[in-house]
Amino acid sequence: MKYLLLLILVFNFSFINAQTFYENKGQVSDFNRQSHKEVQFYANLRNTTVFFQNNKLVYSFLKPSKVDEKLRNTNMKAYDKALRNRKGIFYRMDMVFEGANEQSKIQKGRVNQGVTHFYLGEDRIVKNVHSYKTILYKNIYPNIDILFHSTKKGLKYDIILNKGASIDAIKIAFDGAKLSLNNNKLKIMTKYDTLNENIPLSFIDGDKNRKVDVKYILNNDGTIGFKMKKPIIDFSSITIDPVLEWGTYFNYTPSGGGGFGGPVDYITNYLDADGNFYSYMQVLNTVATFPIVNPGGAFTGSISGNNDLYIAKFSANRTLVWSAYLGGTGYDSKGFGTTDIAVQGSILHLTGEQITSGAPFTNGGGYYQNTANRNFWARFNKNTGQLLHLTSLSSGYAPSIAVSGNGKVVIVNDAYDFNNLPILNRSGAFNQGTNGGIKIWDYSCLMLLTIKYGERF
């Protein structure tokens, strides 16, 4: 009989390493506290736990209820109580290797340092649990192995065809999800979220320069398989390298009509070196329900005026970390820029075409003015969403930004004949005092070397 859900009692501990696989020595149980020895390993990601059994993976997704984040600034005691009492909905999806060897054992990879002890209550203690960097399904199909490991982008697996293997033997079912296949991209739609998977690279004998053209196929029975465009006969191993990615709709509820280009426009997306994903856009006030999550103290919590800016940060596993509106009482504009967002260290930089009166101008050190209806430059703590610096710049258009590894900032701005931009001559640099089109400002020569939290520029 298929159990409803697996519960692991370390599920709520945020320090659990998402890039490791824990051996089950009896600490995995369901809501009835019944142990599930069929689970050999498990991995924790944010709001998701993956349980590894002989011939399948069980995904347990948790969607917690929302907590009023405004309480953080008004009533911390009530906020803590709301966190303790919030409820959640669990969703389950099984990734099943159809026709696989049910007697196969999962082999341990390289062991991590240290062990973990689990105190489960009622004198139940499980000690000395090891964790591993990788796990391997050995001969899950004849001469076929599946290697699981984790990256900053999430869980990853490689299908390894050893000599004598048949690619036709691989059939993977997703129980609890709907599938669609388009242009060799697999979309896995669950009640919790939508996962995307694609095959960026398949190769022979561990050599990524010896590429193999491998495609997904959707079988008549609903399972997913693989097909080589050109069969390979002479090989020691072929590695199929799918990448499980993330995708979802980001919904809003319009309360009226849209405007030029629609109620959401001029979207710029950015991926930093840690795998965090940022989406930066401008929205009309008809957008009523974009989520506000953990906004920094100086952020605008709701749309003010008829058009505001909106910024959202997603972690490497695509959990929404923080999001908020930014703007004043008028028409705040991001503009046409596609390089108007940058990250350096713990600082997120944004530029935009117009910031209006009532915006949360903030002098965090360096060049600063608070003149409304001009383009602007903002700095945030990328981890917390706190606004560190917001200054207006000039009367130009379409600013873009670049930040060096040591924190020097360059902003480039379009300018018409009627625009008046501040000019600062610098010895040894290119200096042009007349308006000939584009002006380049190097703010590293103007701003303070040290700002909040010791971030250097």
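**Reading the model, one feature at a time**

Tutor: Let's start in a loop: asparagine 184 lies in the one between S16 and S17. Strands (E, at least two residues) and helices (H or I, at least four residues) are DSSP runs, numbered from the N terminus. The model is predicted, so local features need pLDDT of at least 70 and side-chain atom pairs count only at pLDDT 80 or more, while totals for chains, interfaces and linings use all residues. Residues are numbered from 1 along each chain as its sequence is written, and side-chain values use heavy atoms, with hydrogens and water left out.

Student: How many helices and strands are there in the protein chain?

Tutor: The protein chain has 2 helices and 33 strands. Contact means heavy atoms within 4.5 Å. Of the contacts in the chain with a separation of 6 or more, 59% are between residues 24 or more positions apart.

Student: What percentage of the 457 residues is buried?

Tutor: Buried means under 20% relative accessible area, exposed over 50%, and partly exposed in between (1.4 Å probe, protein chains only). Among the 457 residues of the protein chain, 49% are buried. Accessible areas come from the Shrake-Rupley method with a 1.4 Å probe, and for residues only the protein chains shown count as cover. The protein chain exposes about 23,100 Å², with carbon and sulfur atoms supplying 50% of that area.

Student: What phi does asparagine 183 take in the hairpin of S16 and S17?

Tutor: Most residues other than glycine have a negative phi. In this hairpin, with 2 residues between the strands, asparagine 183 takes a positive phi near 50°. Asparagine 184 also has a positive phi, near 60°, and is a residue other than glycine.

Student: Is asparagine 183 buried or exposed? And asparagine 184, buried or exposed?

Tutor: Asparagine 183 is exposed because its relative accessible area is 67%. Asparagine 184 has 18% relative accessibility, so it counts as buried.

Student: Let's move to a sheet. In what order do the 4 strands of the open sheet stand?

Tutor: The order is S23-S24-S25-S26, with antiparallel pairing. Strand S23 (264–271) and strand S26 (320–326) are at the edges, each with a single partner strand, so one side of each has no neighbour in the sheet. From one strand to the next, the twist averages 15°. It rests on axes that are lines fitted to C-alpha atoms (for helices over the stretch in contact), with angles running from 0 to 180 degrees between N-to-C directions.

Student: How many bridges join S24 to S25?

Tutor: S24 (residues 277–284) and S25 (residues 307–314) are antiparallel and joined by 8 bridges. Phenylalanine 277 has phenylalanine 314 in S25 as its bridge partner.

Student: Now the charged side chains. How many salt bridges does the count come to?

Tutor: A salt bridge is a side-chain nitrogen of Lys or Arg within 4 Å of a carboxyl oxygen of Asp or Glu. By this rule there are 9 salt bridges. In one of them, lysine 108 pairs with glutamate 23, the closest N and O atoms being 3.3 Å apart. This pair links distant parts of the chain, with lysine 108 in strand S8 (residues 106–108) and glutamate 23 in strand S2 (residues 21–23), 85 residues apart. Lysine 108 is partly exposed at 45% relative accessible area, whereas glutamate 23 counts as buried at 16%.

Student: Which residues are linked in a network of salt bridges?

Tutor: Lys56, Arg92 and Asp94 form that network. Lysine 56 meets aspartate 94 at 3.6 Å, N to O. Lysine 56 is in strand S6 (residues 56–64) and aspartate 94 in strand S7 (residues 88–97), 38 residues apart. Arginine 92 meets aspartate 94 at 2.8 Å, N to O. Lysine 56 counts as buried at 19% relative accessibility, and aspartate 94 does so at 2%. Arginine 92 is buried too.

Student: One last feature. Which side chain does the side chain of histidine 349 make a polar contact with?

Tutor: A polar contact is a pair of N or O atoms within 3.5 Å; within protein, one must be able to donate a hydrogen and the other to accept it, and residues adjacent in sequence count only if both atoms are side-chain atoms. The side chain of histidine 349 makes such a contact with the side chain of tryptophan 377, at 3.3 Å. Histidine 349 is in strand S28 (residues 347–355), and it is buried, with a relative accessible area of 0%.

How values were computed:
Pairing = 2+ DSSP bridges.
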